[in-house]
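Please take a look at the structure below. The report that follows goes through it part by part.

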Amino acid sequence: MKKPACILITGASGSIGGALAREYAAPGVTLILHGRNQALLDALAVECEQRGASARVFGFDVRDTARLQAWARQVSAEMPLDLVIANAGMNIDIGAQGQGERWEDVEALLDTNVRAVLALVDAVLPVMRARRSGQIALVSSLAAYFGLPVTPSYCASKAAIKAYGEGLRGWLATEGIRVNVVMPGYVESPMCESMPGPKPFQVTAARAASLIRLGLQKNQARISFPFPLNLGTWFLAVLPAGVSTRIVRWLGYGG
Ligand SMILES: NC(=O)c1ccc[n+]([C@@H]2O[C@H](COP(=O)([O-])OP(=O)(O)OC[C@H]3O[C@@H](n4cnc5c(N)ncnc54)[C@H](OP(=O)(O)O)[C@@H]3O)[C@@H](O)[C@H]2O)c1
């Protein structure tokens with residue numbers, strides 16, 4: 001498979017997005033790096049350029065879907081996007097005392113993790129379909145397999161992205177567009193740090209980026225890792241839900 005030469009990454013100012021940018025940075029590669037933290041984006045662009053890539057940075061909030069779509073359409077029209085990685089995301093939880101998620105936070109999470117991802121895909125698809133080529137990676141999570149009591153909205157958002165990506169992949173395969181669902185386990189990052197519960201088999205962001213790149217190169221439908229946690233969370237989805245709930249409580253994700 002041809003190596004992607006023009007790559008758009010949302011959430012590039014974060015751990016996984018930044019590691020992906022570094023992973024792909026090489027001579028002949030153009031990186032479109034998005035986030036909110038301009039200083040981090042600028043520093044990342046310098047690092048990527050030192051590795052031989054050309055990098056452009058864009059800072060804005062993806063919850064502004066009108067702006068997100070206008071930007072994505074403009075970038076798509078200016079250069080052929082070979083790979084779009086919808087990675088920007090956030091997490092909330094029910095709190096240390098199980099007090100619950102605030103509705104404003106749930107709305108922000110759904111707007112960021114779900115609405116913005118679908119808006120981005122909607123904006124880049126027309127040019128990809130006209131070209132009959134391109135690849136879209138949607139960053140979900142192993143948390144999509146079974147709703148954890150400590151993070152119900154986050155799990156719901158990632159389950160939505162998993163189902164959306166699976167559907168898109170089936171729809172667009174005949175048009176030459178590859179769609180991949182990325183399902184990481186625990187990856188070192190500020191977001192992971194703030195998550196409640198144990199974090200078994202945690203990997204570095206650099207390791208995650210390398211596994212994601214390999215999976216995208218092979219056009220795997222589901223890029224899920226690490227293996228033991230992937231198997232465990234997959235089992236949670238196929239076991240009777242009552243049994244899975246007892247297991248996740250026993251493991252420390254009960255809230
Ligand atoms: N770390 C894990 O264990 C883990 C596991 C499974 C899946 N994931 C998924 O991987 C993705 C990246 O997470 P990460 O671990 O790298 O977290 P992170 O270091 O906290 O990075 C999150 C990124 O998303 C951006 N972002 C968040 N809300 C945004 C908004 N409203 N508008 C624009 N950008 C926004 C952040 O931008 P700024 O920082 O510039 O504001 C940052 O670049 C997320 O979708 C997450 O759900 C992570």
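A residue counts as near a molecule or strand if its C-beta atom, placed from the backbone, lies within 6 Å of it. Around the ligand there are 26 residues, and Gly11, Gly14, Arg36, Gly89 and Ser189 come nearest. Two or more residues of this shell come from each of α1 (15-24) and α6 (190-193). Helices (H or I, at least four residues) and strands (E, at least two) are DSSP runs, numbered from the N terminus.

The shell is made up of 11 nonpolar, 12 polar and 3 charged residues. Here Ala, Val, Leu, Ile, Met, Phe, Trp, Tyr, Cys and Pro count as nonpolar, Asp, Glu, Lys and Arg as charged, and the others, Gly among them, as polar.

## Model and numbering

This is a predicted model: local features need pLDDT of at least 70, side-chain atom pairs count only at pLDDT 80 or more, and totals for chains, interfaces and linings use all residues. Residues are numbered from 1 along each chain as its sequence is written.

## The sheet

An open sheet is formed by 7 strands with parallel pairing, in the order β3-β2-β1-β4-β5-β6-β7. β3 (54-59) and β7 (222-225) are the edge strands, each pairing on one side only. On average, neighbouring strands are turned by 15° against each other, direction ignored. Two strands pair if DSSP finds at least two bridges between them. Strand β4 (residues 83-86) and strand β5 (residues 134-139) run parallel and are joined by 4 bridges. Within this pair, Val84 stands opposite Ile136 in β5.

Helices also pack on the sheet. Helix α2 (residues 38-50) touches β2 (30-35) and β3, and its direction makes about 175° with that of β3. Helix α5 (residues 152-172) touches β5 and β6 (177-184), with its direction at about 160° to that of β6. Contact means that the C-beta atoms of two residues, placed from the backbone, lie within 7 Å. Axes are lines fitted to C-alpha atoms, for helices over the stretch in contact, and angles run from 0 to 180 degrees between N-to-C directions.

## Helix on helix

How do α1 and α2 cross? Their axes come within 9 Å and cross at roughly 20°. That makes α1 roughly parallel to α2. Angles under 35 degrees count as roughly parallel, over 145 as roughly antiparallel, 65 to 115 as roughly perpendicular and the rest as oblique. The crossing of α1 past α2 is right-handed. A crossing is left-handed if the near helix is turned anticlockwise from the far one by less than a right angle, and right-handed if clockwise. Gly18, Ala21 and Arg22 in α1 meet Leu44, Glu47 and Cys48 in α2. This contact holds 3 nonpolar, 1 polar and 2 charged residues.

For helix α3 (residues 65-78) and helix α4 (residues 103-131), the axes come within 9 Å and cross at roughly 30°. The two helices are therefore roughly parallel to each other. Their crossing is right-handed. On the α3 side, the residues that meet α4 include Leu68, Ala72 and Arg73. Among those on the α4 side are Ala119, Leu120 and Ala123. The contact divides into 9 nonpolar, 3 polar and 3 charged residues.

## Backbone details

Phe225 and Pro226 are joined by a cis peptide bond, with omega about -5°. Pro226 sits in the loop between β7 and α8 (227-238).

Arg132 has phi near 55°, a positive value in a residue other than glycine. Arg132 lies in the loop between α4 and β5.
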